[in-house]
Amino acid sequence: MTTEIAIETTGLTKRFGSIEVLCDITLRVPTGQTYGLLGPNGSGKTTLIRLVAGLLRPTAGRLTVLGETMPSRRILADIGYMPQTAALYQELTVGENVSFFSRIYGVSSPGRVEEVLELVGLTERADSPVYALSGGMRQRTSMACALVHSPKLLLLDEPTVGVDPPLRVAFWQYFHRLNQEGVTILVSSHVMDEAERCDRLVLLRDGLILAEGSAAELREQAGTSTLEEAFLRHAEAKAELA
Amino acid sequence: MLTVPIAITLLVGYVVRESDTSLKAAVVDETEVAGDFRPGAELVQALEQSGSLAAEEMPLAEARKSLDNGDVEGVAVLRGSVAVTGPPQKMKLELTLDGTNPQDSGAITTSVNRGLTQVVVKELGQALGLADVSPEDLVEVDVSFVHGGEEFDFVDYEAPALIAFFAFFFVFLLTAVSFLRERAGGTLERLMAAPINRTEVVLGYMLGFGLFALLQSLAILLAAVFILRIHYEGNLLLVFLLAGITTVGSVNLGIFLSTFARNELQVIQFVPIVLVPQGLLSGVIWSVDSLPGWLQVISRCLPLTYAIDALRNTMIKGQGLADSGVLLNALALVGFAAFFILLASRTVRQQVE
């Protein structure tokens with residue numbers, strides 16, 4: 001069953017104790033697009049991603065991922081998650097890490113691990129232990145682990161932190177290819193120039209949605225020439241309303 | 001930071017000072033002595049006076065029962081007929097020792113021999129009008145063991161305890177640190193984002209570390225048997241089964257306790273809390289029975305107490321799974337394991353939410 005909406009939230013709220021990290025988030029992520037979560041640190045981007053990944057339970061509101069109401073363990077097999085920190089087994093090699101997660105997800109096709117390693121350009125380093133790798137290589141390994149089971153939805157939490165420009169370009173080219181194959185990508189970032197490459201964006205601040213739309217729409221709404229200015233303009237507008 | 005070292009120091013003090021390591025022997029007098037001389041009663045008196053061994057005279061059947069249920073650690077049976085007049089005939093003393101703890105066996109043997117010297121030389125010799133007589137002239141001592149044997153020493157007594165202790169210790173520490181690293185390093189979160197449930201994660205840890213613990217127990221056992229040449233009875237497979245159950249418990253305890261630590265330094269601080277009391281109170285060196293009552297209560301709440309008792313019953317007394325000495329302890333260990341599994345599985349999910 002193909003749905004046109006990969007992720008749908010209605011009034012999604014998350015509280016940790018007395019701290020409200022996400023407040024009344026309503027948005028829809030269309031299938032096959034790259035959807036960006038933009039915002040400063042502490043705006044709730046990671047929390048939103050973790051909710052979609054099934055790691056957190058909503059305090060209030062509704063969350064549907066790939067047609068299933070979350071949390072649902074079944075749908076996790078179709079989701080790939082790349083956390084903010086590299087989150088790898090340091091003493092294992094690149095190949096062992098990817099191979100381990102491929103087995104956790106029940107990937108049966110032989111050669112898939114090699115395929116994914118080639119995708120992220122780590123074939124020569126497959127036998128290096130993770131602790132010996134640079135930051136960028138760890139990010140690539142982390143990406144490989146998120147992709148190995150060919151998920152329909154990819155959740156990337158600041159995937160290009162510590163990654164050099166050529167690799168960043170390569171990543172975004174790859175995201176575009178995945179979109180063409182029908183994979184939906186939810187990516188968070190606070191690097192504005194990456195935001196331009198997303199199909200649609202949502203601007204978050206302090207757990208609230210400031211604005212939502214394509215990069216062009218957001219610039220138009222704010223009357224600015226860059227997305228960064230648009231963001232600041234929207235933030236001011238929200239502050240004035242409050 | 002302060003309470004733990006103080007508590008441990010006090011604990012050591014209480015254990016050393018107030019443990020009651022007195023031994024008891026039963027004396028059975030089956031001699032026929034003419035006259036007023038009663039070798040049994042004299043021996044009891046001599047032993048009591050020496051202060052190192054409590055003694056009580058009782059009939060043979062009762063003595064045997066006391067040895068079986070552990071009320072006494074040795075039975076001295078005096079046999080033979082001694083005539084006050086006429087040529088001296090040898091008496092026989094059959095000393096049956098429990099043998100589980102070689103140090104106890106040694107202490108009893110020494111005390112009995114000393115008591116015998118006093119009784120035989122002073123009392124009997126004088127009664128017979130003999131001077132300068134030594135015990136061997138009048139008494140023949142025959143020592144036998146219920147468990148173990150003359151060749152058993154303190155190492156044989158400690159080996160089972162060490163196997164249990166290390167099976168518990170290393171596995172607990174490794175699990176706690178590894179699980180902490182899973183949490184802190186983010187890999188646990190990656191696992192939780194995958195379609196596996198927390199039971200599988202805990203089970204994976206149990207099997208992985210359980211295997212490691214068994215290999216470790218095997219290594220200790222082989223080193224002890226072939227290099228130290230310890231003596232042991234009983235079934236090795238049973239030893240592994242018991243070590244395995246202990247490991248299941250310690251893995252889950254490690255997982256549970258790692259949730260209270262934020263880094264490896266904090267995990268290390270659990271070591272004195274979890275391991276030192278068990279090392280002192282579960283019978284590694286001081287037997288549980290010798291501890292003061294209130295400490296015994298604590299001992300009975302510790303999993304290692306049951307593990308050590310079970311392993312000693314297997315390796316020294318040669319008991320099997322059907323024997324209560326092993327079965328009841330094994331059931332207690334299973335109970336602990338189940339309890340720790342419950343604690344661990346509740347915390348695995350909670351860590352992420």
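**Exercise 1. Helix H1 of chain A**

Task: Decide how covered helix H1 (residues 45-52) of chain A is in this predicted model, and name its buried residues.

Solution. 
Step 1. Count the buried positions. Seven of the eight residues in H1(A) are buried, so the helix is mostly covered.
Step 2. Name them. The buried residues are A:Lys45, A:Thr47, A:Leu48, A:Ile49, A:Arg50, A:Leu51 and A:Val52.
Step 3. Look past the helix. A:Gly54 follows H1(A), and its phi is positive, near 85°.

**Exercise 2. Strand S3 of chain A**

Task: Find out how enclosed strand S3 (residues 34-38) of chain A is, and which strands pair with S3(A).

Solution. 
Step 1. Check burial. Five of the five residues of S3(A) are buried, so the rest of the structure largely encloses this strand.
Step 2. Recall the rule for side chains. In a regular strand they alternate between the two faces of the sheet.
Step 3. Sort the residues by direction. A:Thr34, A:Gly36 and A:Leu38 point one way from S3(A). A:Tyr35 and A:Leu37 point the other way. All of these residues are buried.
Step 4. Take one partner strand. S3(A) pairs with strand S8 (residues 184-189) of chain A in the parallel sense, over five bridges. A:Thr34 stands opposite A:Ile185 in S8(A).
Step 5. Take another partner strand. S3(A) also pairs with strand S9 (residues 200-205) of chain A, in the parallel sense and over four bridges. Here A:Leu37 has A:Val202 in S9(A) as its bridge partner.

**Exercise 3. A four-stranded sheet in chain A**

Task: Give the strand order of the open four-stranded sheet in chain A, and identify its edge strands.

Solution. 
Step 1. Write the order. The sheet runs S2-S1-S4-S5 (chain A), and its pairing is antiparallel.
Step 2. Find the edges. Strand S2 (19-30) and strand S5 (68-69) of chain A each pair on one side only, and they are the edge strands.
Step 3. Inspect one pair. Strand S1 (residues 5-16) of chain A and S2(A) pair in the antiparallel sense over eight bridges. A:Arg15 has A:Glu20 in S2(A) as its bridge partner.

**Exercise 4. Overall form of the two chains**

Solution. 
Step 1. List the elements of chain A. There are eight helices and ten strands.
Step 2. Apply the rule to chain A.
Step 3. The C-alpha atoms of chain A fill roughly 55 × 35 × 35 Å along the principal axes. Of the 242 residues in chain A, 44% are buried.
Step 4. List the elements of chain B. Its secondary structure comes to 14 helices and five strands.
Step 5. Apply the rule to chain B.
Step 6. The C-alpha trace of chain B spans about 95 × 40 × 35 Å along its principal axes. Of the 353 residues in chain B, 39% are buried.

**Exercise 5. Two packed helices in chain B**

Task: Classify the packing of helix H6 (residues 154-185) of chain B with helix H11 (residues 270-281) of chain B.

Solution. 
Step 1. Two packed helices are described by the angle between their axes and the distance between the axes.
Step 2. Read the values. The angle between H6(B) and H11(B) is about 170°, and their axes are 11 Å apart.
Step 3. Apply the cut-off. Angles over 145 degrees count as roughly antiparallel. H6(B) and H11(B) are therefore roughly antiparallel to each other.
Step 4. Name the contact residues. H6(B) brings B:Phe165, B:Phe169, B:Phe172, B:Leu173 and B:Ala176. H11(B) brings B:Phe270, B:Val271, B:Val274, B:Leu275 and B:Gly279.
Step 5. Sort them by class. The contact has nine nonpolar residues, one polar and no charged.

**Exercise 6. Where the chains meet**

Solution. 
Step 1. Sort the chain A side.
Step 2. Judge its burial. The cut-off for a buried residue is 20 or more other C-beta atoms within 10 Å. B:Ala194 has 24, so B:Ala194 is buried.
Step 3. List its contacts. Leaving aside neighbours within four places in sequence, B:Ala194 is in contact with A:Leu76, A:Ile104 and A:Tyr105.

Note on methods. Residues numbered from 1 in each chain as written. Chains lettered and ligands numbered in written order. Predicted model: local features only at pLDDT ≥ 70, side-chain atom pairs only at ≥ 80, totals over all residues. Buried ≥ 20, exposed ≤ 12 C-beta atoms within 10 Å, placed from the backbone. Axes fitted to C-alpha atoms, helices over the stretch in contact; angles between N-to-C directions. Parallel < 35°, antiparallel > 145°, perpendicular 65-115°, else oblique. Contact = placed C-beta atoms within 7 Å. Nonpolar A, V, L, I, M, F, W, Y, C, P; charged D, E, K, R; others polar. Pairing = 2+ DSSP bridges.
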